[in-house]
Amino acid sequence: MKDHSTVTTTDDPARTAVIQTLPLFEMMRMRAATTARRHPLHGFASERRDAPVRWVNQFTHTHRRLGPDDREVVSPNNDTVYSNAWLDLSDGPVLIDSPDMGERYWTLGLLDAWTNPFAYVGRRTTGNRAQRTLVHGPGWQGPVPQGVTQVIAAPGADVWLIGRMLVADEADVARVRLLQSQLRISRPDGSDAAARLDVLLDGRDTAVPSAAAFHEIVAHALQRNPPPPGERLAWPVAGDALAHWVPCVYDELRAAAQPHQLGGGWALPVRVRTAWGDDHLTRARVARNLIGALGIEEAMYPTAEIDADGNALDGTHAYELRFAPGAGPKVDAFWSLTLYRRSDCLFVANPIGRYSIGDRTPGLRHDADGSLAIRMQAHDPGEGVNWLPAPSGERFYVILRLYQPRAEHLDERFIYPAVQRL
C-alpha cells in the first residue's frame with residue numbers, strides 16, 4: 001500500500017523513528033484514558049488519587065451513544081455503544097465470555113500496541129452465539145480450557161479490546177446494557193483476571209507530548225510489545241532530535257491529506273485489513289486522527305473534507321449529499337453519515353442532538369424517485385429535509401461509516417457522489 005499523503009518527506013532518522021513509534025505512544029495514551037481507576041469489587045487501583053494506576057483485564061462500558069461532551073476518542077461513532085478492555089497478557093492468557101447477541105450487530109476488535117487490528121470476535125467472524133475466547137501472548141503454551149470456541153494469539157503483552165454493539169433507539173439501551181454486563185474476562189482457572197497496572201500517563205492530557213514523555217512511554221511499550229515481524233526499528237533517538245521532531249510530526253499528521261482517493265471528493269483514511277505492513281506513515285496518521293479504527297472488512301470509513309469543487313466544507317454554507325435511486329451504500333450490517341468539527345475531530349452540539357444520519361434514522365425521507373438527499377448546514381432547513389447539522393462558521397468533515405461493507409466498496413467499484421454546495 002503506497003502512501004499518498006502530503007506529509008513532508010525527509011530521510012532524517014529521528015523523524016522516521018517518531019513516525020514509526022507514534023502509534024505506540026498513542027495506544028498507551030488511550031490505555032490511560034480508557035481504563036478504570038476503580039474496580040466494582042476490589043476498589044481503587046491506588047490509594048493516591050493522582051497515581052496513574054489503573055485496572056486492566058476488566059471491561060468498562062459506555063451505556064449511551066457518544067456525543068459532544070465526550071472528548072477521549074477522536075472521530076467517534078454515534079451508532080453503537082462501546083465496551084472497552086485493555087488486556088495485559090504478561091502474566092498469562094485470559095478468557096473472554098460473550099453472551100448470545102440474537103440478531104444484533106456486534107464486534108470485539110482486538111488491536112495490538114502498534115494499532116494492527118489483528119483479530120475479531122463478533123457477528124461477521126464468529127457469529128452471534130454465546131462463546132468463549134482464549135487470548136494469549138507470544139510464547140505461551142498450555143492446555144486450552146473446555147468450552148473455548150476460539151483461540152487468539154496476540155503479538156505482544158498489550159491488547160486493546162474494542163467492543164461495539166448497535167443500539168437501535170433509546171428504548172434499546174436497557175437491552176444492550178444487559179448484554180454488556182454479561183461480557184467477562186477471567187483466567188483459565190475461572191478467577192477474575194482484573195489486575196493493577198501503572199499506565200505512566202495522565203489520560204486526560206490530549207496535548208502533543210513532550211520529547212521526554214514520548215521517549216519514556218515508547219521505551220516502556222517496546223519492552224512489552226516488539227515491532228511487527230520484519231519491521232526494522234529506528235530507535236532510540238537522541239533527546240534533542242525528539243524535541244524537534246515530535247511536535248513537527250504531530251502537527252503534520254493532523255494536517256496531512258487523506259492517503260487514498262475514492263473519487264467525488266471522498267478519501268479512505270483506513271485501508272488496513274489485519275496489519276499495516278510497511279506503511280508506517282499511514283499507520284501514524286490513523287493513530288493520530290482515527291485511533292481504534294477497524295479493518296475494512298469489518299467497517300470502512302470513507303471521509304469527505306471537500307465539496308464537488310474541491311473547496312473545504314464550511315458551516316458558513318449549505319451542502320447536499322444525494323444518492324441516486326438504488327445507488328446508496330451497500331452493506332451487510334448498516335451505514336451512517338457522521339459529521340465532525342475539523343479543528344478537534346469531535347462532535348458539535350446542535351439543537352436537535354443529531355450527530356449522524358443513516359439507514360436506521362427514524363423518519364428518513366426518500367424523494368419520489370427513490371433518491372436519498374442529506375442536507376448539511378448550520379441552520380434548520382425546515383420540514384421534509386434529512387438534516388445533519390453543521391457547525392456555524394467552522395470547517396467540518398463527514399465520515400460515511402459502512403459496517404460489513406459489500407464487495408462494491410471493498411473492491412472500490414462503488415461510485416461515491418460528491419458533496420454539492422447549495
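**Figure legends for a predicted model**

The protein exposes about 17,900 Å², of which carbon and sulfur atoms supply 49%; accessible areas come from the Shrake-Rupley method with a 1.4 Å probe, and for residues only the protein chains shown count as cover. This is a predicted model, in which local features need pLDDT of at least 70 and side-chain atom pairs count only at pLDDT 80 or more, while totals for chains, interfaces and linings use all residues. Residues are numbered from 1 along each chain as its sequence is written, and side-chain values use heavy atoms, with hydrogens and water left out.

Figure 1. Helices (H or I, at least four residues) and strands (E, at least two) are DSSP runs, numbered from the N terminus. The C-alpha trace spans about 60 × 55 × 40 Å along its principal axes. A compact globule of 422 residues would have a radius of gyration near 22 Å, and the value of 22 Å for the protein agrees; this radius is taken over C-alpha atoms, and the globule rule is 2.2 Å times the number of residues to the power 0.38. Of the 422 residues, 57% count as buried, where buried means under 20% relative accessible area (1.4 Å probe, protein chains only).

**Figure 2. An open sheet of 4 strands.** The order of the strands is S22-S21-S18-S24, and the pairing is mixed. Strands S22 (386–389) and S24 (420–421) stand at the edges with a single partner strand each, so one side of each is left without a neighbour in the sheet. Two strands pair if DSSP finds at least two bridges between them.

**Figure 3. Strand S22 beside strand S21.** Strand S21 (residues 372–377) runs parallel to S22, and 4 bridges join the two. Arg-375 has Trp-387 of S22 as its bridge partner, and Met-376 has Leu-388. In a regular strand the side chains alternate between the two faces of the sheet. Both faces of S22 are covered: Asn-386 and Leu-388 are buried on one side, and Trp-387 and Pro-389 are buried on the other.

**Figure 4. Helix H5 and its cover.** Helix H5 (residues 280–289) is largely enclosed by the rest of the structure, because 9 of its 10 residues are buried. Among the buried residues are Leu-281, Arg-283, Val-286 and Asn-289. Helix H1 (13–34) and helix H4 (239–255) are included in what covers the buried residues of H5; contact means heavy atoms within 4.5 Å.

Methods: Buried < 20%, exposed > 50% of the residue type's maximum accessible area, 1.4 Å probe, protein only.
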